Amino acid sequence: MPRTRNVDDPYYGELTIRTDSERGVVEVSGEQVPAVVIRRSPDAEVSEFVPIGTRKADHLTMSVDGTEAGLRPGPGKLTRASYRVDVTLAGTHYRFTPDSDDYTLLKRDGAGIASFGLDTAGKFTVFWQARREDSRPADAAIGYALSVAFRTGALGIFTVLLNGSENVPRP
């Protein structure tokens, strides 16, 4: 079922986020940011544990303002780092890695840009680490798109071990 929601980002104003989990599409747009689209291929095996439906790079495409971006999600297993997502766009490397149970840090070329949190009700919390003049419009659009497509946060290995493996999604 397609869903549209608006987010008011403190740096880039109102953004519109459209999702269609059945088709496997996430779209982010706004007056101050480039359009970002993440799309799952129709022949992908769908996992209910991943909002976009898969973590397999060969079944995903991403574009930023019409320019194709390389999208490489980690396998999403036991460690937080395994839930990382790497994006390469016109020579710029982004890494989206959970840094707590609830938040995921977006880095651009190794520098922390912002931490994104998305709760189960669909409400965003974003903590910009970069100053406004050091951020880029694509940072915001990419961060929101990755948050919706792959979720934010991940349990740490010690939490998983203490609470048992029933909390770990199976691919």
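Student: Why does Tyr144 count as buried?

Tutor: This is a predicted model, and in it Tyr144 has 1% relative accessibility. Buried means under 20%. Tyr144 therefore counts as buried.

Student: What makes the pair of Phe116 and Tyr144 edge-to-face?

Tutor: Their ring centres lie 5.2 Å apart. The pairing limit is 6.5 Å. Their planes stand at 80 degrees, and over 60 counts as edge-to-face. So the pair is edge-to-face.

Student: Which parts of the chain does that pair link?

Tutor: Distant ones: Phe116 sits in strand 10 and Tyr144 in helix 1, 28 residues apart.

Student: Why does Phe116 count as buried?

Tutor: Its relative accessibility is 0%. With the cut-off at under 20%, Phe116 counts as buried.

Student: What makes the pair of Tyr11 and Trp128 stacked?

Tutor: The centres are 4.6 Å apart and the planes are at 20 degrees. Planes under 30 degrees apart count as stacked, so this pair is stacked.

Student: Where in the chain do Tyr11 and Trp128 lie?

Tutor: Tyr11 is in the loop between strand 1 and strand 2, and Trp128 is in strand 11.

Student: Is Trp128 buried or exposed?

Tutor: Its relative accessibility is 14%. That is under 20%, so Trp128 counts as buried.

Student: How many aromatic pairs are there by this rule, and which residues do ring pairs link into a cluster?

Tutor: There are eight aromatic pairs. The cluster holds Tyr11, Tyr12, Phe96, Phe116, Phe124, Trp128 and Tyr144.

Student: What is the order of the strands in the sheet?

Tutor: Eleven strands run in the order 1-2-3-4-5-6-7-8-9-10-11, with antiparallel pairing. The sheet is open.

Student: Why do strand 1 and strand 11 stand at the edges?

Tutor: Each has a single partner strand, so one side of each is left without a neighbour in the sheet. Strand 1 spans 2-9 and strand 11 spans 124-128. From one strand to the next, the twist averages 20 degrees.

Student: How do you know that strand 1 and strand 2 pair?

Tutor: Pairing needs at least two bridges. Strand 1 and strand 2 (residues 13-20) have eight, in the antiparallel sense. One example is Thr4, whose bridge partner in strand 2 is Arg18.

Student: What joins strand 4 to strand 5?

Tutor: Five bridges do, and the two strands run antiparallel. At least two are needed, so they count as paired. In strand 5, Leu60 is the bridge partner of Arg40.

Student: What do strand 3 and strand 4 form?

Tutor: They form a hairpin, with two residues between them. Strand 3 (residues 25-30) pairs with strand 4 over five bridges, in the antiparallel sense. Val37 in strand 4 is the bridge partner of Glu27.

Student: What makes strand 4 mostly covered?

Tutor: Six of the eight residues in strand 4 (residues 33-40) are buried. Each of those is under 20% relative accessible area. Across the chain of 171 residues, 47% are buried.

Student: Where does helix 1 lie?

Tutor: Helix 1 (residues 137-150) lies across strands including strand 1, strand 4 and strand 11. Its angle to strand 4 is about 25 degrees.

Student: How many helices and strands does the chain have?

Tutor: Two helices and eleven strands. From the N terminus, the elements run β-β-β-β-β-β-β-β-β-β-β-α-α.

How values were computed
Residues numbered from 1 in each chain as written. Predicted model: local features only at pLDDT ≥ 70, side-chain atom pairs only at ≥ 80, totals over all residues. Heavy atoms only, no water. Buried < 20%, exposed > 50% of the residue type's maximum accessible area, 1.4 Å probe, protein only. Helix = DSSP H or I, 4+ residues; strand = E, 2+ residues; numbered from the N terminus. Axes fitted to C-alpha atoms, helices over the stretch in contact; angles between N-to-C directions. Contact = heavy atoms within 4.5 Å. Phe/Tyr/Trp six-rings, centres within 6.5 Å; stacked < 30°, edge-to-face > 60°.
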